[in-house]
Amino acid sequence: MSHLNSSDDGNDDNNNNNNDNNNNNNTNNIRVEGKEQQLPNSPIQTEEQKKKQTLSINIMVLTVFLQSIGFTLILPSMLNYLNSNDPQFKRYFGYIVALYSLGQFLGSPLFGKWSNRRAASEPVVISIVISIIGSIFYSICYEFRGFAFPAIMGTARFIVGFGAGNVSVCRAYATETATIENKTQIMGKMSGAQGAGFVLGPGIGFLLNFCNFSIGQMVINKYTAPGYLSILLAILNIILVLVFFRDARDLEKRNLKTIETKSLLSINDDDDDAAADDDDAGNHNKPKKNMEQRLKPIILSIFLFMVVITIFAVFETVLTLMTLQYYNWGSTENYIILGTSGIISVGIFIAISSPMIKKFDDRKTALFGFTCLFIALVLLINYNIPIGSRMTLPKWQFFMGSAFVSVGYPIASSLVYAIFSKVLNPNSHTQGTKMGWLTAGGSLARMVGPLWSQEIWTATNQQGMELFFVTGVITLIAIIVFIIFYKDLSPHPEFVSQQKTVNNK
């Protein structure tokens, strides 16, 4: 009898243990900062956990927003900043713009990989500190004479760009912690923050045109004020991240499973990762998680994103040269154009981040954005219509082209990001690294774009026909590639499976 009782007690214990394991599996509990919490994308979350998760995503969105302000704050006055020292230095403008992108190209995958295993706040804060150093150099480079002036300015922009590589961290964090059903909205919100920054940047920059004073030996004028304001915004950003951001990912379990030794170019997670996930959750009788990652949609998404950024890079680089050549406009008019363009873009971003975007297929919406960009480039081509004694571009044509860029860019960039986030395997623990690839691809396009666009602009006697024709052909090729490989850009099977699970609950 005692043997039977002992056996019954053992069975009861096993049943209790199994029940405990099942309860743990159903709630997807993790341990963060000594407390039990559900996984970020778990269907079972308390209101408090949802609020903290949303707040952390919003801090990442805010980081992108503040960086966008800093970028557009400086760009419209940079050409005149160069000219103020020596008019001959304007030939370095395209190279200095490209150095920012080179820095971001190098920083994006590094910061993205860092965030795979550590709290996202670490690479974000360190990268912002790096950007502050670059902004300091930019603000004081007027002290240097001769070639040292553009050299220091270029170095400063490279450093700021390297720090701006944290965009990959922000986007990767949003991708990993967003729920299956609202991923497109979150990515639209992230891009919307970027668009809002593009609106406020030129507006604030216009007000800084009236700055002309000194604090001790620190000169603050329309050229240096954007750099100093960027420093203040960066400090504010650091404070907000340290105070309000809490990483909701299960980093403890991820780090205990395995130490990441794979390179920045690794596609799939280790098979051991999937097994460790199952072991940690007590799912010995369940099949391993699907950790396979398709390479083709990743390459296609990066290519399409590079095309979008190339168009934007050409537009932002040539804009100041174009308006100076055609209309003899200065910083004030350029701030107004960029601000107006930004307002249109923000309206589009708001629409993209609203629930109604769920009604449309991401790929169809992205194709619409690419079509708008193609129309914009056709409009911006200078067909050599003579006005007076000069060959110029009619203003109505310039305004219409700028409007189509303002509509097409936010749609194409946001939806390509959304597509990329969905072709990634949601079970992957290296989404930060892969998002770094996408950001690096965009940085490469933004780095090369200003160089070849300025060279074509100069070689063709500062007329826009050849430049925008070439860019239009590139855009048309992207549209054709998009259509041919349309099915390959469909969401990852694991994403579809998880989406069906969520919809059935």
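**Getting to know a predicted chain**

Modeller: Welcome! This is a predicted model, and its chain holds 17 helices and 6 strands. Of the 505 residues, 55% are buried.

Biologist: Nice to meet it! Why is Leu-55 called partly exposed?

Modeller: Leu-55 has 36% relative accessibility. Buried would need under 20% and exposed over 50%, so Leu-55 counts as partly exposed. You will find Leu-55 in helix α2, residues 47-85.

Biologist: Leu-55 also belongs to a nonpolar surface patch. What makes up that patch?

Modeller: Leu-55, Leu-232, Ile-235, Ile-239, Leu-242, Val-243 and Phe-244 make it, and the patch covers about 640 Å². A patch residue needs over 30% relative accessible area, and Leu-55 has 36%, so Leu-55 passes that cut-off. Helix α8, residues 225-244, gives the largest share of the patch with 6 residues.

Biologist: How do you know which elements the predictor is confident about?

Modeller: By the pLDDT, which is the predictor's confidence on a scale from 0 to 100. Helix α4 (residues 121-140) has the highest mean pLDDT among the elements, 96, while strand β1 (residues 29-32) has the lowest, 40. Across the chain the average is 78, and 77% of the residues score at least 70.

Biologist: Where does the pLDDT stay under 50?

Modeller: One such stretch is residues 1-44, for which the model has 44 contacts beyond four places in sequence. Residues 270-284 also have a pLDDT below 50, with 25 contacts beyond near neighbours in sequence.

Key:
Residues are numbered from 1 along each chain as its sequence is written. This is a predicted model: local features need pLDDT of at least 70, side-chain atom pairs count only at pLDDT 80 or more; totals for chains, interfaces and linings use all residues. Side-chain values use heavy atoms; hydrogens and water are left out. Helices (H or I, at least four residues) and strands (E, at least two) are DSSP runs, numbered from the N terminus. Buried means under 20% relative accessible area, exposed over 50%, partly exposed in between (1.4 Å probe, protein chains only). Patches are made of residues with over 30% relative accessible area and no salt bridge: like charges are joined within 9 Å, nonpolar side chains (Val, Leu, Ile, Met, Phe, Trp, Tyr) within 5 Å. Accessible areas come from the Shrake-Rupley method with a 1.4 Å probe; for residues, only the protein chains shown count as cover. A salt bridge is a side-chain nitrogen of Lys or Arg within 4 Å of a carboxyl oxygen of Asp or Glu. Contact means heavy atoms within 4.5 Å.
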